[in-house]
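Colleague: I am new to reading models of this kind, and I would like to go through one slowly with you.

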Amino acid sequence: MTITGIIIAIVIGAVIGALGRLVVPGRQGIPIWLTIVIGIVAALIGTAIASALGVASTGGIDWIELILQVAVAAVGVIAAVSLYGRRGVR
């Protein structure tokens, strides 16, 4: 992977993570770096799920893949909030 690919993955991960945070109601007490990591992982998992379902490559914008990525990010944010909140750091 080139440096450009890494930068693009971080930017896409930040966007997917931010969208995942927007879907989850309430305040999320997790740091931005964790949101970016969740977004990157969610983008990879969402793409894998879309590929398994056969909808990863469609004409135009891949809306189903994007929805899957955001849904996985939302689940990741919920899991991170529940785990990060238990640490007692506030």
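Colleague: To begin with, in which helix is the place of Leu53?

Modeller: Leu53 lies in helix α2, where a helix is a DSSP run of H or I with at least four residues, numbered from the N terminus. Please keep in mind that this is a predicted model, in which local features need pLDDT of at least 70 and side-chain atom pairs count only at pLDDT 80 or more, while totals for chains, interfaces and linings use all residues. Residues are numbered from 1 along each chain as its sequence is written, and side-chain values use heavy atoms, with hydrogens and water left out.

Colleague: Is Leu53 buried or exposed?

Modeller: Buried means under 20% relative accessible area, exposed over 50%, and partly exposed in between, with a 1.4 Å probe and protein chains only. Leu53 has a relative accessible area of 59%, so this residue is exposed, whereas the buried residues of α2 include Leu34, Ile38 and Ala50.

Colleague: How many residues does α2 have, and what span does it reach?

Modeller: The expected span of a helix is 1.5 Å times one less than its number of residues. Helix α2, residues 32–53, has 22 residues and reaches 31 Å from its first C-alpha to its last, close to the expected 32 Å. Just after α2, Gly54 takes a positive phi of about 85°.

Colleague: Which residues of α1 are buried?

Modeller: In α1 the buried residues are Gly13, Ile16, Gly17 and Gly20. They lie on the same side of α1 because they cover an arc of only 105° around the axis, the arc being that of the directions from the helix axis to the C-beta atoms. On the other side of α1, Ile3 and Leu22 are exposed.

Conventions:
Helix = DSSP H or I, 4+ residues; strand = E, 2+ residues; numbered from the N terminus.
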